[in-house]
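Reader: I've just opened this structure and I'm finding my way around. Please walk me through one part slowly, and keep it friendly.

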Amino acid sequence: MEQLKAVVYCRGNTQKELDLQYEGLRTFAERNGYHIVRTVTEFGDLDNMTWRNLRVMARYREYDILLLDTLDVLNASPENITEEIRHLSQNGVSVVSVKDGTLTTENLPELFRKRFKVIKCQKYKNRRIYK
């Protein structure tokens, strides 16, 4: 059986964050029998060029799995993330998050809802105000 090819995506604000993410993802890939064919690391936001490169690589079947630490590293709007995951899956690529599992357009809404938190709720003239 041929090993699945994985692209590892790491994004952070410091080199230490990137190194920790990469080590965790490398270990996860080894445990699951994935062969890492490329590692993408970025500081700050996910660049449009990165999405374009990942799309082209998917179209040419250069990898089977996009491996992330968590959905949060994508740092894009829910609509953009959903569209990118839809495109990757249509081209045979699974998006796997170590913390969130396999990401699909079906389970993304639930994962997005888990990220919303009510910080403070006040009553104002019998109405609730959420902050």
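How many salt bridges does the count come to? After that, please take a close look at strand β3 and its surroundings.

Author: The count comes to seven salt bridges, where a salt bridge is a side-chain nitrogen of Lys or Arg within 4 Å of a carboxyl oxygen of Asp or Glu. Before we dig in, keep in mind that this is a predicted model: local features need pLDDT of at least 70, side-chain atom pairs count only at pLDDT 80 or more, and totals for chains, interfaces and linings use all residues. Residues are numbered from 1 along each chain as its sequence is written, and side-chain values use heavy atoms, with hydrogens and water left out.

Now to strand β3, residues 65-68. Helices (H or I, at least four residues) and strands (E, at least two) are DSSP runs, numbered from the N terminus. In β3, I65 and L67 point one way while L66 and L68 point the other, and all are buried. Here buried means under 20% relative accessible area, exposed means over 50%, and partly exposed is in between (1.4 Å probe, protein chains only).

What lies beside β3? Strand β1 pairs with β3 in the parallel sense over three bridges; two strands pair if DSSP finds at least two bridges between them. Along that pairing, L67 in β3 stands opposite V8. Strand β4 also runs parallel to β3, joined by four bridges, and S97 in β4 is the bridge partner of L68.

Let's stay with β1 for a moment. Seven of the nine residues of β1 (residues 4-12) are buried, so this strand is largely enclosed by the rest of the structure. β1 pairs with strand β2 (residues 34-43) too, in the parallel sense over nine bridges, and there C10 has T41 of β2 as its bridge partner. The crossover is right-handed if, with the strands pointing away from the viewer, the path from the first strand over the helix to the second runs clockwise. A right-handed β-α-β unit is also made by β3, α3 and β4.

Not counting residues up to four places away in sequence, L68 touches Y9, L25, V73, L74, V95, V96, S97, V98 and L103; contact means heavy atoms within 4.5 Å. In the largest nonpolar core, which has 22 residues, L66 and L68 are among the members that touch the most others, along with Y63, L71, L88, L103 and L108. A nonpolar core is a set of buried Ala, Val, Leu, Ile, Met, Phe, Trp, Tyr and Cys residues joined through side-chain atoms within 4.5 Å. The elements giving two or more residues to this core are β1, α2 (48-59), β3, α3 (78-90) and α4 (108-114), and α2 gives the most, with four residues. Apart from this core lies another, of eleven residues, and L67 is among them, as are A6, F28 and V96.

Helix α3 deserves a look as well. α3 has 13 residues and reaches 18 Å from its first C-alpha to its last, close to the 18 Å expected at 1.5 Å a residue (the expected span is 1.5 Å times one less than the number of residues). I81, T82, E84, I85, H87 and L88 of α3 are buried, and what covers the buried residues of α3 includes α2, β3, β4, β5 and α4. After α3 comes G92, whose phi is positive, near 85°.

K99 forms one with D69, the closest N and O atoms being 3.0 Å apart. K99 lies in the loop between β4 (94-97) and β5 (101-103) and D69 in the loop between β3 and α3, so the pair ties together parts that are 30 residues apart in sequence. K99 is exposed, at 59% relative accessibility, whereas D69 is buried at 17%.

An α-helix has 3.6 residues a turn, so residues three or four places apart point the same way. Both are partly exposed, R86 at 33% and E83 at 36%. A network of salt bridges links R55, E83, E84 and R86.
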